[in-house]
Amino acid sequence: YDLINTALEINNRMVMALNLQGILLERLGKIKEAIYSYEKALNIAPGDVNLSYNLAVAYFKTDRRAEAKALFEKIYPQVADEEIKSKIDEYLKVLK
């Protein structure tokens, strides 16, 4: 976690570091902070499907269900990985 913060201090526009920071914050139970990292990364790389997926999952975990559903539906056609598509299908079933 400290290395990620160091990388972000050097260049706070590093998308991969922001995504990793979000993942680690999420695992630490700091979902709102993770959302901030994902949103910041998506401002830099708006078409990144993996970032969008991570953000949608974080939205889901914080009961921002409408935002999660809209983002899952937006990225679904772009997802190539069948396992991720299956996970999105499960989230969308819950969000109906």
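**Entry 1: overview**

I began with burial: buried residues make up 41% of the 96 residues in the protein chain. Buried here means under 20% relative accessible area, exposed over 50%, and partly exposed in between, with a 1.4 Å probe and protein chains only. The model is predicted, so local features need pLDDT of at least 70 and side-chain atom pairs count only at pLDDT 80 or more, while totals for chains, interfaces and linings use all residues. I number residues from 1 along each chain as its sequence is written, and side-chain values use heavy atoms, with hydrogens and water left out.

Next I looked up the secondary structure. The protein chain has 6 helices and 0 strands, in the order α-α-α-α-α-α. Helices (H or I, at least four residues) and strands (E, at least two) are DSSP runs, numbered from the N terminus.

**Entry 2: the core**

I then went to the largest nonpolar core, which has 27 residues. Such a core is a set of buried Ala, Val, Leu, Ile, Met, Phe, Trp, Tyr and Cys residues joined through side-chain atoms within 4.5 Å. Tyr53, Leu55, Phe72 and Ile88 have the most contacts inside it. H2 (15-27), H3 (31-44), H4 (49-61), H5 (65-75) and H6 (82-95) each supply at least two of its residues. H4 gives the largest share, 9 residues.

I checked Tyr53 separately. Beyond its neighbours within four places in sequence, Tyr53 touches Phe72, Ile75, Ile84, Lys87, Ile88 and Tyr91.

**Entry 3: rings**

I found 3 aromatic pairs. Rings of Phe, Tyr and Trp (its six-membered ring) pair if their centres lie within 6.5 Å; planes under 30 degrees apart count as stacked, over 60 as edge-to-face, the rest as tilted. Phe60 and Tyr91 are edge-to-face, at 4.8 Å centre to centre and 70° between the planes. Phe60 lies in H4 and Tyr91 in H6, so this pair ties together parts 31 residues apart in sequence. Phe72 and Tyr91 have ring centres 4.9 Å apart and planes at 15°, so I logged them as stacked. That pair links H5 to H6 across 19 residues.

Phe72 is buried at 0% relative accessible area; Tyr91 counts as buried at 19%. Phe60 is buried too. Ring pairs link Tyr53, Phe60, Phe72 and Tyr91 into a cluster.

I also searched for charges over rings (NZ of Lys or CZ of Arg within 6 Å of the ring centre and within 35 degrees of the ring normal). Arg65 lies over the face of Phe60, 4.1 Å from the ring centre. The charged end of Lys85 sits over the ring of Tyr76, 4.9 Å from its centre.

**Entry 4: H2 and Asn19**

Which residues of H2 are buried? I listed Val15, Ala17, Leu18, Asn19, Gln21, Gly22, Leu25 and Glu26. Asn19 counts as buried at 16% relative accessibility. Leaving aside neighbours within four places, Asn19 contacts Tyr38, Leu51 and Asn54. Its C-alpha is 6.6 Å from that of Ser37, 18 residues away in sequence. After H2 comes Gly29, with a positive phi near 85°.

Conventions: Contact means heavy atoms within 4.5 Å.
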